[in-house]
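Subject: Structure for you to look through

Hello,

Here is the structure I said I would pass on. Please open it beside this message and follow along; the notes come after it.

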Amino acid sequence: MTSNTPIKHLLGIKGLSASHIQTIFETADNFKELLNGPVKKTPALRDITIANLFFENSTRTRVSFELAEKRLGADTINFSSSSSSVKKGETLIDTVNNILSMKVDMVVMRHPAPGACLFLSKHIDAQIINAGDGTHEHPTQALLDAFSIRERLGDVAGKKVVIVGDILHSRVALSNIYSLQLLGAEVMVCGPATLIPKHISHLGVKVSHNLEEALNWCDVANMLRIQLERQDQRYFPSLKEYSNLYGLTLDKLNRLDKEICIMHPGPINRGVEISSDVADSKHSMILQQVENGVAVRMAVLFLLGQQRL
Amino acid sequence: MQLIELHGDFSNTAIIGLQPRGIQLSKRLVEAITELQPETNLKYGELDHTFFRDDIGRGEIFMPKKSNINFSTESLNIILVDDVLYTGRSVRASIDALMSFGRPKQVELLVLVDRRFQRELPISPNYTGVVVDSRSTGEHVKVDWSLDHPQVWLLSSKE
């Protein structure tokens, strides 16, 4: 974020350059080291206030952001739509402006509507970090995924990553495609034809409908959850059938003639897209992803937080 | 020499160079000590204080460098090493950063150049190379390591 164009908001991976991401990773390396030391806190952002606005449910992202903010010494306020005046009919801009008038510098927002963060960035005067907007983007998840691949395999460039599952409704998939391609990895998406957007090959990704073929091709498999809450119609006959065809089991992994790493952005539906023995196996990077999430989010907050004047 | 007098065989001492410009000096210092005491088990580390600065978000953008301290600082005598001591603010930040690695027994400061009339905090070095008594804030000190013997330049900002 010092290199190339300075960035005020983190709305998506689209808009970042490879060197932005490298800067974030190098900063995250430092924070990870700090987090593994005896004192896990720095006062780097002690005079700034951050509002976490979650208009949609979240465990990991929310806890991770909150921890990252606290480790940086920032003051935080938390907001969830279910217990707020949004239920009384207040608009998004009004809600956020009311919060900002209490002197808040940064907004971390998750919202069910795609583009909500971009919309907000045009109407309010604060820095915005997208923590997931509908089916659009989830940039910090993609950053921590790429950071975890870099940590486990040494580099992202040249690696082959397959994203399996509900690509159509997944913001993680889109952000991951952008970030992995920026860093020089090859990306494939895999899933039933109904859950893969029609023109996705225009993004330069390979498409497969056969999990075994995809697993044989890749170095890393990123398993996505079926987002039933976003599906307004049935996209496949039954969850059982989906699980048989696209669920990752230890049996399928053992049939490969190589070792691959397994990722999952969480929450996991055990027995659907991934079986318990895979999720808990040595191939799984799931908890490593969660751990790296705090360091990566600290890096994003720190780099953006420096540019508020 | 003064260091050897006070720290003996350095068995309980670590030299820590401050990123970015204290590294050169601290490495030379470790070389010189190992030459005099080949048997020494002096510890060496590098410390970055970016996250502890008091001017984050006040204009300049700071990029963190690598901290590299792969030993416990608990109960050690630490010698912080930097090239130029000016306002004292980065040393203050470095001390805070150092404390996040544990509680050392003692912390000392060694600098090549001490601009002693420019201090903004009550900090003074234990060991000094040269003292520069300039009072003007429009000047800065540059240390050139490219030659065999480091050269210290006092430059006015017009240059």
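In this predicted model, 19 residues of domain 1 of chain A are in contact with 18 residues of domain 2 of chain A. On the domain 1 side, the elements that give two or more residues are helix H1 (18–35), strand S4 (127–133) and H11 of chain A. H1(A) supplies the largest share of that side, 5 residues. By kind, the residues on the domain 1 side divide into 8 nonpolar, 7 polar and 4 charged.

The domain assignment of chain A gives domain 1 as 18–137 + 293–305 and domain 2 as 139–289. The C-alpha centres of these two domains lie 26 Å apart.

Next, the core. Which residues touch the most other members of the largest nonpolar core? They are A:Val164 and A:Ala299, in a core of 119 residues. Helix H11 (residues 286–305) of chain A gives the most to this core, with 11 residues. Domain 1 and domain 2 of chain A both give residues to the core, so it lies between them.

Leaving out residues up to four places away in sequence, A:Ala299 touches A:Ile24, A:Thr27, A:Ala28 and A:Phe31.

H11(A) also packs against another helix. Two packed helices are described by the angle between their axes and the distance between the axes. For helix H5 (residues 139–153) of chain A and H11(A), the angle is about 115° and the axes are 8 Å apart. The crossing of H5(A) past H11(A) is right-handed. On the H5(A) side, the residues that meet H11(A) include A:Leu143, A:Leu144 and A:Phe147. Among their counterparts in H11(A) are A:Asn292, A:Val296 and A:Val300. The residues of this helix contact divide into 5 nonpolar, 6 polar and 3 charged.

A:Cys190 lies in strand S6 (residues 186–190) of chain A. Is A:Cys190 buried or exposed? A residue needs 20 or more C-beta neighbours within 10 Å to be called buried; A:Cys190 has 28 inside 10 Å, so it counts as buried. Leaving out residues up to four places away in sequence, A:Cys190 touches A:Val162, A:Val164, A:Ser208, A:His209, A:Leu211 and A:Ala214. One of these, A:Val164, is also one of the residues that touch the most other members of the core. The C-alpha atoms of A:Cys190 and A:Leu215 are separated by 9.5 Å, with the two residues 25 apart along the chain.

The other residue is A:Ser80, in strand S2 (residues 75–80) of chain A. A:Ser80 counts as partly exposed because it has 16 C-beta neighbours inside 10 Å. The C-alpha atoms of A:Ser80 and A:Val162 are separated by 33 Å, and these residues are 82 apart along the chain.

There is also a second chain. The contact between the chains takes 17 residues from chain B and 16 residues from chain A. On the side of chain B that touches chain A, the residues divide into 9 nonpolar, 5 polar and 3 charged.

Last, some backbone details. Most residues other than glycine have a negative phi, and most peptide bonds are trans. The following places depart from that pattern.

- The peptide bond from A:Gly266 to A:Pro267 is cis, with omega near -10°. A:Pro267 lies in the loop between strand S9 (261–263) and helix H10 (276–279) of chain A.
- The bond from B:Gln19 to B:Pro20 is cis too, with omega near -5°. B:Pro20 is in the loop between strand S1 (13–18) and helix H2 (23–36) of chain B.
- A:Lys103 is not a glycine, yet it has a positive phi of about 65°. Its place is in the loop between helix H3 (92–100) and strand S3 (106–111) of chain A. A:Lys103 counts as exposed because it has 9 C-beta neighbours inside 10 Å.
- B:Ser75, not a glycine either, has a positive phi of about 65°. B:Ser75 is found in the loop between strand S2 (43–47) and strand S3 (77–85) of chain B. With 11 C-beta neighbours inside 10 Å, B:Ser75 counts as exposed.

Regards

Notes. Residues are numbered from 1 along each chain as its sequence is written. Chains are lettered from A and ligands numbered from 1 in the order in which they are written. This is a predicted model: local features need pLDDT of at least 70, side-chain atom pairs count only at pLDDT 80 or more; totals for chains, interfaces and linings use all residues. A nonpolar core is a set of buried Ala, Val, Leu, Ile, Met, Phe, Trp, Tyr and Cys residues joined through C-beta atoms within 7 Å. A residue is buried if 20 or more other C-beta atoms lie within 10 Å of its own, exposed if 12 or fewer, and partly exposed in between; C-beta atoms are placed from the backbone. Helices (H or I, at least four residues) and strands (E, at least two) are DSSP runs, numbered from the N terminus. Domain bounds come from an automatic or database domain assignment. Two residues are in contact if their C-beta atoms, placed from the backbone, lie within 7 Å. Axes are lines fitted to C-alpha atoms, for helices over the stretch in contact, and angles run from 0 to 180 degrees between N-to-C directions. A crossing is left-handed if the near helix is turned anticlockwise from the far one by less than a right angle, and right-handed if clockwise. Ala, Val, Leu, Ile, Met, Phe, Trp, Tyr, Cys and Pro count as nonpolar, Asp, Glu, Lys and Arg as charged, and the others, Gly among them, as polar.
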